[in-house]
Amino acid sequence: MTRFDPASIAPTAAGLAGFLDASPTPFHATATAAAQLVAGGFTALDETQPFPTTSGGYFVRRSGSLVAWRQAEGDPARPFRIVAAHTDSPNLRIKPLPDYASAGWQMLGVEVYGGPLLGTWTDRDLGLAGRVVVRDSAGTAEHLVTIDEPLLRVSQLAIHFNRSVNAEGLVLDPQRHLAPHWAIGSGPGDLPAYLAGRIGVATTDLLAWDLMAYDLTPARITGRDGATLASARLDNLTSSYAGIRALLEITDSAGPLPVVVLFDHEEVGSTSARGAGSALLTTVLERIVRAGGGERDEYFRALAGTVIASSDAAHATHPNYAEYHEPRHPIRMNGGPVLKVNSQLRYATDATGAAAFRLACDQAGVPMQSYVHRTDLPCGSTVGPMISAATGAVTVDLGAPLLSMHSIRELCGTADQAMLAAALGAFLAPA
């Protein structure tokens with residue numbers, strides 16, 4: 001069982017910062033998580049091959065999604081304890097035919113992914129990252145791309161042409177105002193040729209890409225007392241990092257079978273081949289049961305005893321906008337993990353799931369906070385309700401508190417990250 005130690009705050013924050021900086025896209029996030037799992041003794045599996053029947057740590061990676069678990073021989077109907085998170089964040093993604101010219105600038109067409117705070121993407125040094133698929137002797141091959149250089153910029157209009165911007169707010173048309181410029185020139189640039197040169201292939205062999213802009217500013221410890229961490233992609237790489245860390249620290253094979261699943265595409269509804277709306281998790285869970293000698297009945301028995309913790313970023317009470325928050329449920333930064341409750345089931349939490357997570361927090365020695373959205377404001381959602389419906393398992397939604405959620409640069413508490421990892425560890429391996 002993991003128990004919170006205040007001495008773990010600094011190393012956890014440093015580890016999270018490294019994870020964030022190494023993970024500008026969901027593809028990089030799962031590659032970084034996979035490397036940590038391998039270093040911790042886990043074995044990567046190919047989904048097209050049979051699953052192993054022996055004890056050990058295993059994982060499968062499907063592009064920007066990943067499922068990892070510790071397997072033990074014994075009852076194939078053994079229930080699961082599952083931590084679910086997501087790897088994607090709102091951003092600007094490069095269109096398939098991006099190159100055009102405007103007013104002597106070479107531009108790249110982008111499409112908004114998810115619901116970012118658009119204004120935060122202006123006047124920033126932006127890199128370019130993702131994956132490209134190229135032709136090779138075996139058919140196709142994927143390459144991760146990280147151009148960690150100030151390649152792109154979305155320049156804001158000067159106040160001299162928009163005198164009312166400070167009084168009336170910045171209004172951006174995603175089609176016209178968010179395209180980054182990346183060179184000066186009278187004609188369009190050639191992104192395919194540029195990418196081909198960066199990865200060392202012929203332009204004609206560059207077949208497709210999933211590319212996105214990202215903020216080059218590294219994760220930094222901030223504040224007078226170093227109690228906060230500012231970074232891009234805290235929503236939801238904080239939970240992804242905490243889940244992987246919690247799984248790596250489990251050594252006892254007794255009790256429920258621990259699983260961590262990191263989904264892509266949460267920010268756009270999760271309906272994809274690797275999102276929470278897919279069969280990824282349920283397929284892997286059934287294959288684990290079958291590899292252990294069970295049949296469909298054992299699989300359903302295992303699900304009946306399963307509990308899922310859906311971990312996604314939570315809203316801290318904002319000091320400048322406290323009136324937007326439920327007044328009797330304040331959320332304090334570095335106040336501990338946040339249980340999320342919504343009667344409209346935008347969060348999956350019910351009393352059974354809430355009790356399971358409260359016990360985990362008690363066992364980990366960390367406080368727990370409770371978040372309820374204002375009744376007169378619409379509430380967001382996450383993967384919890386979707387995977388709860390797909391599995392029929394008791395599910396609880398939770399997370400670590402943030403400020404500036406969906407900004408290009410968000411803010412979290414350093415102590416919250418160590419407490420979240422400890423709570424998730426106790427949840428995966430209950431006493």
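Trainee: Is Glu286 buried or exposed?
Mentor: Keep in mind that this is a predicted model. The cut-off for buried is under 20% relative accessible area. Glu286 comes in at 16%, so Glu286 counts as buried.

Trainee: Which helix holds both Arg290 and Glu286?
Mentor: Their side chains meet in a salt bridge, 3.1 Å from N to O. The two residues sit four apart, which puts about one helical turn between them, and the helix they share is α7 (residues 280-291).

Trainee: How many residues apart in sequence are the parts tied together by Arg296 and Glu286?
Mentor: Arg296 forms a salt bridge with Glu286, with the closest N and O atoms 2.7 Å apart. Arg296 belongs to helix α8 (residues 296-304) while Glu286 belongs to helix α7, so the parts they tie together are apart in sequence by 10 residues.

Trainee: What is the distance from Arg81 to the nearest side chain of opposite charge?
Mentor: Arg81 lies in strand β4 (residues 80-86), and its side chain reaches the backbone oxygen of Phe427 at 2.9 Å. Arg81 is buried yet has no salt bridge. The nearest side chain of opposite charge is Asp350, and the distance is 12 Å.

Trainee: Why is there no bond between Cys361 and the closest cysteine sulfur?
Mentor: The structure has zero disulfides. Cys361 is buried, at 1% relative accessibility. A disulfide needs the sulfur atoms within 2.5 Å, and the closest cysteine sulfur, in Cys412, is too far from that of Cys361 for a bond, at 17 Å.

How values were computed
Residues are numbered from 1 along each chain as its sequence is written. This is a predicted model: local features need pLDDT of at least 70, side-chain atom pairs count only at pLDDT 80 or more; totals for chains, interfaces and linings use all residues. Side-chain values use heavy atoms; hydrogens and water are left out. Buried means under 20% relative accessible area, exposed over 50%, partly exposed in between (1.4 Å probe, protein chains only). Lys and Arg count as positive and Asp and Glu as negative; His and the chain ends are not counted. A salt bridge is a side-chain nitrogen of Lys or Arg within 4 Å of a carboxyl oxygen of Asp or Glu. A polar contact is a pair of N or O atoms within 3.5 Å; within protein, one must be able to donate a hydrogen and the other to accept it, and residues adjacent in sequence count only if both atoms are side-chain atoms.
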